[in-house]
Structure formats: structure tokens, C-alpha cells
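Please look over the sequence and the model shown below before reading on. The report then takes up a helix pair, some strands and a few backbone details in turn.

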Amino acid sequence: MNTDKLPIYPVEPWTITETSFDKANNYRNETTFALSNGYIGTRGTYEEAYPFDLDTGLEGNFVNGFYESEEIRYGEANFGSPLRSQSLLNLPNMKETRVYLDGELFSMEEGKMEDYSRRLSFKDGVLERKLIWTSPSGKKVQIEIKRLVSFDIKNIMAIRYQVTPLNFSGEIRFTSVLQADVENHTRKTNPIVDYGPFGRRLEPLRLISEGKRMFYRGITKGSGLTLACGCSHSIDGGNGTENISCETGEREANLSFTVHGQQGETITLEKMLCYSTDLDMEPEKLDNFVEEILDLAEKKGYTELANSQKAYLQQFWDIADIQIKGEESESLQQGIRFNLFHILQSAGRDGKTGMGAKGLSGEGYEGHYFWDTEMYVLPVFVYTEPDTARRLLDYRYATIEQARNRARILGHEKGALFPWRTINGEEASTYYPLGTAQYHINGDIAYALCLYLQVTGDIEYLKEKGAEILIETARVWADVGSFAENKGGKYCICSVTGPDEYNVLVDNNFYTNLMARENLKAAKGAVEYLACHDRETLERLQRKLDFSEEEMILWQQIIDKMYFPYDESRQVYPLDDGFMMRKPWDESKIPEEKRAWLYENYHPLFIMRHRMSKQADAILGMYLHSNLFTAEELKRNYDFYQEVTLHHSSLSTCIFGIVACDIGYYDEAYRYFSQSARMDLDDYHNNFYAGIHAANMAGTWQAIVNGFAGLRCQDSKLRFCPSLPETWESYAFKIKYRDALLKVVVTKDETEFVLEAGDKITFCVDEKEVTMRAEAPIVRMTMRPVIR
């Protein structure tokens with residue numbers, strides 16, 4: 001990871017600006033300027049639709065949850081291996097707009113370009129491009145293009161395209177294209193995948209252009225899912241009536257609007273683009289639905305949609321923004337806001353979709369949902385936008401039946417085992433040592449659910465969905481292990497893979513065993529709560545799940561006897577039973593160009609036989625459940641894992657930084673935070689072209705709020721342990737907790753707490769309990785001395 005790069009873009013507090021058109025950086029910038037709303041996602045490609053090669057660009061338009069499926073080919077298939085793939089599918093592009101000046105096609109690759117800028121505004125949620133272009137024949141125009149993906153109407157993307165002739169009057173023609181001849185760039189974006197999707201995967205059922213609209217409906221060849229899309233157009237400006245012409249081919253349709261442009265007069269084309277699928281309604285209803293949504297969007301117009309976009313984002317930033325003052329704060333500030341903006345864009349909000357590791361910004365990881373959502377992203381939403389957190393949990397509940405089926409395939413007669421990677425709720429990982437073996441996904445989902453319940457106090461969610469998730473995940477933990485005689489009767493879980501994917505199919509992965517135990521505790525606590533407070537709900541669950549409270553006897557035995565590997569000589573918790581027996585890793589023997597991509601350059605057995613770790617694993621468990629460890633234990637384990645962790649995952653450095661804060665290693669914490677804050681924005685891993693790293697983006701919020709401010713919510717108790725990086729003057733953030741909104745401002749001298757909403761809140765600061773009420777909404781506490 002190259003962290004010595006200078007900022008790629010100018011450092012600005014609320015925007016990202018590109019000041020020149022450079023094909024060499026185009027692929028990366030398409031991800032930077034990607035827009036989405038959790039349902040539609042579009043890459044930051046140009047309206048001109050340049051025919052870039054596979055290494056220069058990827059036109060990308062996606063709908064969350066809409067995937068193609070292929071038969072997976074195995075050399076030697078195992079029982080229970082997924083038989084069909086799930087890949088987020090690249091969809092027809094309707095952004096394409098060609099502009100002709102008296103017949104000359106506008107292209108940034110020809111003529112002369114001046115005053116070019118492309119800017120993404122986090123406050124407005126709008127991508128804007130401005131430039132002055134002189135055609136080869138000397139015609140000069142000013143072009144301004146704005147694009148948004150609406151948070152107000154989830155099916156709508158809107159474009160405003162403005163052209164102003166500067167030195168001539170003449171014919172201006174806009175040609176809007178619906179391009180359905182699209183395919184995924186699988187060989188580039190997912191190079192180790194050999195099952196596709198390759199080639200065209202949508203079969204057209206309807207493609208027309210009529211009036212001022214174009215429509216498409218198609219069905220996937222493999223998954224059998226149906227997509228419908230359409231775009232509407234309106235023209236303002238020009239001398240005289242517009243002339244309209246249309247063409248329709250097998251996979252492409254276009255509409256052309258020709259007007260007479262007067263020198264100095266602006267001509268505006270507004271395009272409303274609508275996408276919908278049969279995941280939301282019956283296929284036969286899609287065409288009418290697209291028509292109705294386009295009617296609604298046209299009635300609102302671009303200006304109203306832009307105003308709604310700004311209002312939504314203002315509400316988000318009012319709570320989620322983190323403000324930093326001090327040395328280096330401007331570049332870090334930009335990085336944090338960039339990260340928060342992208343995770344806000346990426347989260348499914350309908351309860352039927354989750355959030356991909358790459359959001360909706362690219363094809364990386366096939367668009368799959370992983371544990372990243374629950375462990376990194378969802379905690380941010382729990383404290384800032386809990387309704388979105390709930391919707392992400394709803395997705396897991398909506399797929400619990402598939403998780404039950406998966407558990408049966410794995411030999412568990414009861415319970416549910418959630419998939420390691422998925423879109424439709426079924427396991428999509430073709431390599432079980434790095435996929436299905438990661439049983440900790442059950443504990444991760446249970447942890448996220450418990451955090452949501454503790455922070456929000458949403459008891460109704462526990463009754464409606466939460467308790468069922470906790471019971472079904474706990475049942476798998478109660479079946480997957482055994483009380484081993486050679487371990488003194490302790491409960492052992494064998495042949496699993498923890499978060500660290502360099503140590504696979506191990507016995508007693510520390511993180512897995514810890515999360516399993518805490519999952520069992522939470523399930524037992526939920527059942528006991530219902531037994532006392534809502535017997536009717538408990539009895540309903542007992543009937544539905546064939547569940548008996550007697551199962552909790554075994555749960556308690558496992559809780560009491562869970563085994564954890566421990567090394568007496570170092571007094572640390574090794575990653576697993578065999579970790580200390582493995583050959584020490586010698587980084588000096590690995591060529592520098594191969595170090596970050598070990599699985600691409602070395603046989604898995606070579607990697608797995610060495611004592612090293614790809615990423616935060618046991619340390620992650622100690623962060624999540626820091627109240628279960630002493631400061632001395634945390635320090636010893638942190639020091640040990642500093643020696644053996646390679647940080648080859650974008651999910652790692654933010655976690656180490658948080659634990660470094662817990663043990664007083666503030667300089668290391670700041671170094672790790674700095675590495676993660678601009679990891680994507682400055683493309684430290686040189687792979688940003690394939691899509692964002694959503695987990696790391698969310699991890700930067702956690703690094704400040706859970707790291708520097710020491711926020712934890714454990715055992716339903718909120719606590720802070722504030723610290724301030726040496727080069728900063730202050731930082732400030734807000735969190736929601738139950739019915740309260742709390743603002744926290746940390747300076748060199750004090751920490752200020754402001755109760756901005758709610759009647760009362762209780763929390764601890766450095767173990768001192770504080771209760772705030774609306775009538776006295778400000779509390780200031782002197783900062784404790786920080787020893788470096």
C-alpha cells in the first residue's frame with residue numbers, strides 16, 4: 001500500500017474536483033465520481049460514451065439486487081458447493097448524449113478545450129462538468145452538465161445538459177441514446193472468475209422510441225430476472241420549434257432534438273432516466289410503472305429533484321458529519337466526507353437489498369454482499385441514520401429461509417447459516433475455505449443486530465425479527481462444535497476460517513469462538529427477555545421454529561466452557577490452535593511487487609503454513625468486545641499482532657488504529673487513521689477502478705468516533721474515553737442514542753457534550769457517569785492527560 005502519494009485531487013472541504021481530462025486516470029475517476037442512491041448506481045462516465053478499451057474505462061449502470069446467474073464449472077465439485085453464480089449485471093446505458101454543432105460532434109478528444117472542471121459535491125449530491133469547447137471548424141460553446149441519482153425517487157437518475165453558443169448562431173442537435181448493447185468487464189474487474197458473465201446477458205423484449213421517450217425491457221439469460229427502463233426528454237431554449245427524429249435498432253434506440261441556437265443563449269436538455277425490475281413487482285407491471293415514474297419526475301423537473309437531493313443530504317450531514325480542525329485536517333476532512341458520502345449512497349434502503357463491498361460503484365467482487373456491511377458500515381448508520389441500519393438488517397431477515405437451507409446442507413438440523421458472499425441470499429462463494437468456512441458471519445450479523453437494539457432501544461424489532469435471527473444463529477453455534485476431552489471439556493469449534501484469509505480451515509479461531517459465545521449470550525438474553533415481558537411472542541417463535549427453552553441449557557454450557565487458544569509464553573491469544581506452530585514469515589524473501597497480492601503469486605499452502613496474518617482478526621474481536629479484556633491484555637495482544645499482521649486488506653488498519661487508542665498508542669492510532677482516511681481517494685491500493693472499499697470508508701468514521709473518542713455501547717451502556725491527536729486542535733461529531741441526539745466536541749483542554757434533542761441521556765466518560773437533561777443541555781469535562 002503506497003501511502004506516500006500526494007493528493008490526487010485539489011483539497012477542498014465539500015467537493016472533489018477534476019481539473020483536466022486525462023484518459024490515463026479515467027478508469028479510476030469513474031469510481032471517484034460514481035453516483036447512487038442504494039437502488040440505482042452509475043459510474044462517473046461521460047455522456048459522450050467514449051469507446052474506451054478495457055483498461056481505460058467501464059460504462060456501468062446497476063440496480064441493487066439485480067444479478068445474472070451462470071452455471072459454475074468445477075474441476076472437482078464438493079457436496080454443497082454453489083451450482084449457480086450471482087453477478088451484479090451491467091445494465092443498459094441511458095446517459096449517452098451526443099451534441100452536434102452544425103453537424104460537428106462534440107468530443108473532448110478533438111478540437112480545443114478550456115476551463116475544464118468536473119466536480120462532485122457532497123452537500124448537493126450532484127456531479128457537475130463545465131468546459132468551453134472550440135470545434136475543429138472554430139465554433140465555440142460553453143457546456144455545463146449536471147447529474148444526480150435521486151434520493152427522493154429511488155428509480156430516477158436526472159441529467160441537465162446545457163449548451164451555450166459563444167461565437168456563432170446555428171443548428172444544435174442533441175442525440176439521446178438508449179444503449180442496450182452492454183456487458184460486464186469480468187476479465188478486468190473479477191479476473192479470477194471463469195464463469196462470467198461474459199458477453200450480452202440481457203435479451204431484449206421491448207425497445208422503442210416514440211414521442212420524447214425511449215423504453216427498454218429485457219430478461220436475463222441465466223437468472224430469468226426482468227428489467228425495464230426508460231428516459232424522457234424536455235428541451236428549453238432555441239429559436240423556433242424543435243425537430244424530433246428517432247431510430248430504433250436491435251439493441252439501441254435514439255432520439256434527436258434539433259433547435260436553432262442563438263449566440264449567447266443557453267439551450268437546456270433535461271433527461272429523466274428510470275430503472276425498475278421484477279424484484280419489486282410482476283414483470284407485466286413494469287412498463288406502466290416506468291411510464292408513471294417518468295411522469296412524476298418530469299412534473300418535478302431537474303430543479304425540484306436537485307433541491308430535494310440537497311435537503312436530504314443536509315439532513316444527513318447535520319448528524320453524520322465529522323469536523324476536524326488542525327494540522328493536516330483539510331485533506332483528512334475531505335477524505336472522511338468522501339468516504340461518508342459513498343457509503344450513504346451505497347446502502348440498500350428497501351429491506352430487500354443489502355450493500356455490496358463495492359457499493360454500486362463497480363463490478364468488483366461481483367457486487368456481492370459480505371460481512372463488511374454488518375461489521376463496518378452498519379455501526380455508522382446505527383449512530384447516524386438508524387432507519388437505514390434497520391433496513392440493512394431487514395435484508396438479512398428477508399433471506400433467513402435461504403440461511404436455514406444452507407445450514408441443512410452443512411449438516412445442521414436446526415438453525416440458520418448466513419452466506420459468506422451473496423446477492424439473493426444463497427451462498428455464492430465457490431471456494432469454501434475462504435467462503436462457507438467463515439462461520440463467523442453468523443456472529444457478525446448477531447453483533448450488528450445487538451448493537452442496533454442497544455443503541456436504538458427498538459424492542460419491537462427484537463420481537464418482530466431480531467429474536468428469531470439470534471435464536472437461529474445460536475443454534476448453529478450449538479451444533480458446530482463439541483466439548484473436547486483433550487481440551488479439558490472445553491467447547492471447541494474446528495475447521496473454520498476467521499476474518500484472516502491467510503489462515504484457513506483452522507481449529508478454534510479466536511475471533512470465531514468469541515463471536516459465537518457472544519451470539520449465544522445474546523440469544524439467551526433475548527429469550528429470557530421475551531419470557532418475562534412478552535410470552536405471546538416467545539410462544540409464537542417456539543411454534544414457528546420448533547424451539548424449546550431447554551435448548552438454552554446447552555447454550556449456557558457452551559458459554560461457560562468456550563475454548564480460547566492461549567500462549568503462556570507470550571500471554572496472548574493466538575489466532576488459532578496451530579498459529580504458533582507455523583513457520584515465521586520473512587517479508588524480505590518476498591519481492592516487493594508480490595507482497596500485496598500473495599494469493600495471486602503463491603500457492604495457498606505456502607501462505608497458510610506461515611505465521612502471519614492478512615488483516616485484523618483477533619484484534620477485531622477485542623475491539624468489538626473490549627469490555628471483556630483488561631488494558632494489559634489488549635496491549636500484549638496488540639503488540640503481538642503488530643508483529644505478524646501484514647495489513648493486506650483494506651479492512652485492517654482502521655481496526656488497529658482503534659485498538660491503539662484503547663491502549664494509549666496515540667501516535668500509531670493517528671498513523672493508521674491517516675492511512676485509511678484517504679485510501680480510496682488517493683488510490684493507495686491501485687485498484688480503485690473496480691469500485692470503492694466500503695468497509696474501510698466506514699472504518700474511518702469508526703476510527704474517530706470509536707477510536708479517538710473511545711465510544712462504545714456494551715451491555716446497554718454508552719461510554720466515551722476521549723483523546724485528541726497531537727496535531728489537531730479539535731474534532732466534533734454527533735450520535736443518536738435512543739431518543740437523544742448528542743453532539744461531542746473534543747479539544748485540547750476539554751470535551752463538551754451538547755444534548756441537541758431528547759429529554760435525557762446517560763453515559764460514562766472515563767468511567768465517570770454523566771446524566772444530561774434538556775433543561776441543562778451542555779456538560780464540559782476536562783481532558784485527562786495524554787501520555788505518549
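## A pair of helices

In this predicted model, helix 8 and helix 9 are roughly antiparallel to each other, because their axes cross at roughly 150 degrees and an angle over 145 degrees counts as roughly antiparallel. Helix 8 covers residues 440-456 and helix 9 covers residues 459-480, and the two axes come within 10 Å. As helix 8 passes helix 9, the crossing is left-handed.

On the side of helix 8, the residues that meet helix 9 are His440, Asn442, Gly443, Ile445, Ala446, Leu449, Cys450, Tyr452 and Leu453. Their counterparts in helix 9 are Tyr461, Leu462, Gly466, Ile469, Leu470, Thr473, Val476 and Trp477.

## An open sheet and the helix across it

An open sheet is built from 5 strands in the order 20-27-28-29-32, and the pairing within this sheet is antiparallel. At its edges lie strand 20 (323-326) and strand 32 (778-782), each of which pairs on one side only. From one strand to the next, the twist averages 15 degrees.

Within this sheet, strand 27 (residues 728-737) and strand 28 (residues 740-747) pair in the antiparallel sense, and 8 bridges connect them. Isoleucine 735 stands opposite leucine 742, which belongs to strand 28. Helix 4, made up of residues 329-346, lies across strand 20 and strand 27, and the direction of helix 4 is at about 165 degrees to strand 20.

## Strand 9 and its partners

Strand 9, which spans residues 112-121, pairs in the antiparallel sense with strand 1 (residues 15-18) over 4 bridges. Here the bridge partner of isoleucine 16 is leucine 120 in strand 9. Strand 9 is also joined by 8 bridges to strand 10 (residues 126-134), and these two strands run antiparallel. Arginine 118 stands opposite arginine 129 in strand 10.

Strand 9 and strand 10 form a hairpin with 4 residues between the strands, and in this hairpin glycine 125 takes a positive phi near 70 degrees.

## Backbone details

Most residues other than glycine have a negative phi, and most peptide bonds are trans. Against that background, aspartate 115 may be noted for a positive phi of about 50 degrees, although it is not a glycine. The place of aspartate 115 is in strand 9, and this residue is exposed, with a relative accessible area of 59%, because a value over 50% counts as exposed. Glutamine 571 likewise has a positive phi, near 55 degrees, and is a residue other than glycine. Glutamine 571 is found in the loop between helix 12 (551-561) and strand 23 (583-584), where its relative accessible area of 39% makes it partly exposed.

Where does a cis peptide bond join two residues? The bond lies between glycine 196 and proline 197, and its omega is about 15 degrees. Proline 197 has its place in the loop between helix 2 (186-189) and strand 14 (202-210).

Key:
Residues numbered from 1 in each chain as written. Predicted model: local features only at pLDDT ≥ 70, side-chain atom pairs only at ≥ 80, totals over all residues. Heavy atoms only, no water. Axes fitted to C-alpha atoms, helices over the stretch in contact; angles between N-to-C directions. Parallel < 35°, antiparallel > 145°, perpendicular 65-115°, else oblique. Left-handed = near helix turned anticlockwise from the far one by under 90°. Contact = heavy atoms within 4.5 Å. Pairing = 2+ DSSP bridges. Buried < 20%, exposed > 50% of the residue type's maximum accessible area, 1.4 Å probe, protein only.
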